Amino acid sequence: MIETERLVLRHWQAPDLPELRRQSFDAEGMRYLLPLADEAAFQDMLARLDLWRDTLGFSFWAIERRTDRAILGLCGFKRGAEGTPIASRLEIGWRLGVAHWGHGYAVEAATACLGWADAMLPDDSVFAITVPANRASWGLMERLGMHRLPDQDFDHPLVADDSSLKRHITYRRDRPFVNHLR
């Protein structure tokens with residue numbers, strides 16, 4: 001469990017599922033991510049979160065607001081996908097429900113995750129990827145002190161060739177992960 005002034009990041013629990021499911025199928029909230037097709041895809045996502053926790057010791061954790069225990073979204077780590085420039089590298093990511101955008105929750109959660117990685121993981125760098133149109137996400141990457149690697153832009157192998165989400169941009173931050181955040 002990771003705690004901040006306003007948030008608790010922890011592995012998902014059964015009571016979180018209705019809100020995580022709602023967020024996962026919200027077209028506005030998922031417009032820059034691979035949309036989940038159906039309930040089976042949602043269950044596959046949960047299984048991946050469990051697998052990462054059990055095999056890697058980290059995952060995308062549920063973001064819980066301390067004041068009312070509302071589930072705001074997910075934030076954490078995974079290993080970069082095969083066939084990408086960050087294959088097997090430490091990748092940070094986040095996803096918040098639309099109602100929670102613009103309140104500083106994503107930067108607070110991501111900063112806490114980076115602090116956890118500094119203390120717990122041996123990786124020298126952390127990476128993040130997004131589609132070029134997702135200005136909010138790459139803006140957050142820059143506020144976290146990450147730097148764009150234009151020579152590592154790529155077409156994501158898990159995205160259909162005709163999708164507007166095919167092209168991705170890559171950001172990196174070297175250790176230490178949390179000092180001098182913007």
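Me: How many nonpolar, polar and charged residues does the lining of the largest cavity have?
Reply: This is a predicted model, and the counts are computed from it. The lining residues are Arg 22, Gln 23, Asp 26, Gly 29, Met 30, Arg 95, Leu 96, Gly 97 and Val 98. Gly counts as polar here. By class, the lining has 3 nonpolar, 3 polar and 3 charged residues.

Me: Which helix and which strand each supply at least two residues of that lining?
Reply: Arg 22 and Gln 23 are among the lining residues, and so are Arg 95 and Leu 96. Helix 1 covers 17–24 and strand 5 covers 90–96. The elements asked for are helix 1 and strand 5.

Me: How much space lies in the largest cavity?
Reply: Rolling a probe the size of a water molecule over the atoms shows where empty space is left. The count comes to 1 cavity of 30 Å³ or more. The space in the largest cavity is about 50 Å³.

Me: Which way do the side chains of strand 2 point, and are they buried or exposed?
Reply: In a regular strand the side chains alternate between the two faces of the sheet. Strand 2 covers residues 7–10. Leu 7 and Leu 9 point one way, while Val 8 and Arg 10 point the other way. As for burial, all are buried.

Me: Which residue in strand 2 is the bridge partner of Ile 2?
Reply: Strand 1 and strand 2 form a hairpin, with 3 residues between them. They pair in the antiparallel sense over 2 bridges. The bridge partner of Ile 2 is Leu 9.

Me: And which residue in strand 3 is the bridge partner of Leu 7?
Reply: Strand 2 also pairs with strand 3, residues 60–65. That pairing is antiparallel, over 4 bridges. The bridge partner of Leu 7 is Arg 65.

Me: How many residues apart are Phe 58 and Phe 77?
Reply: The whole structure holds 7 aromatic pairs. Phe 58 and Phe 77 form one that is edge-to-face, at 6.1 Å centre to centre and 80° between the planes. Phe 58 sits in the loop between helix 2 and strand 3, and Phe 77 sits in strand 4. The pair links distant parts of the chain, and the separation is 19 residues.

Me: Why is the pair of Phe 58 and Trp 116 classed as it is?
Reply: Phe 58 is buried, with a relative accessible area of 1%. Its ring centre lies 6.4 Å from that of Trp 116. Planes over 60 degrees apart count as edge-to-face. Here the planes are at 75°, so the pair is edge-to-face.

Me: Which residues do ring pairs link into a cluster with Phe 58?
Reply: Phe 77 is buried too, with a relative accessible area of 0%. Ring pairs join Phe 58 to a cluster with Trp 61, Phe 77 and Trp 116.

Conventions. Residues numbered from 1 in each chain as written. Predicted model: local features only at pLDDT ≥ 70, side-chain atom pairs only at ≥ 80, totals over all residues. Heavy atoms only, no water. Buried < 20%, exposed > 50% of the residue type's maximum accessible area, 1.4 Å probe, protein only. Pairing = 2+ DSSP bridges. 1 Å grid on protein atoms, 1.4 Å probe; cavity = no way out; pocket = protein on both sides within 12 Å on 5 of 7 lines; lining within 4 Å. Points joined across faces, edges and corners; volume = space filled by probe spheres on them. Phe/Tyr/Trp six-rings, centres within 6.5 Å; stacked < 30°, edge-to-face > 60°.
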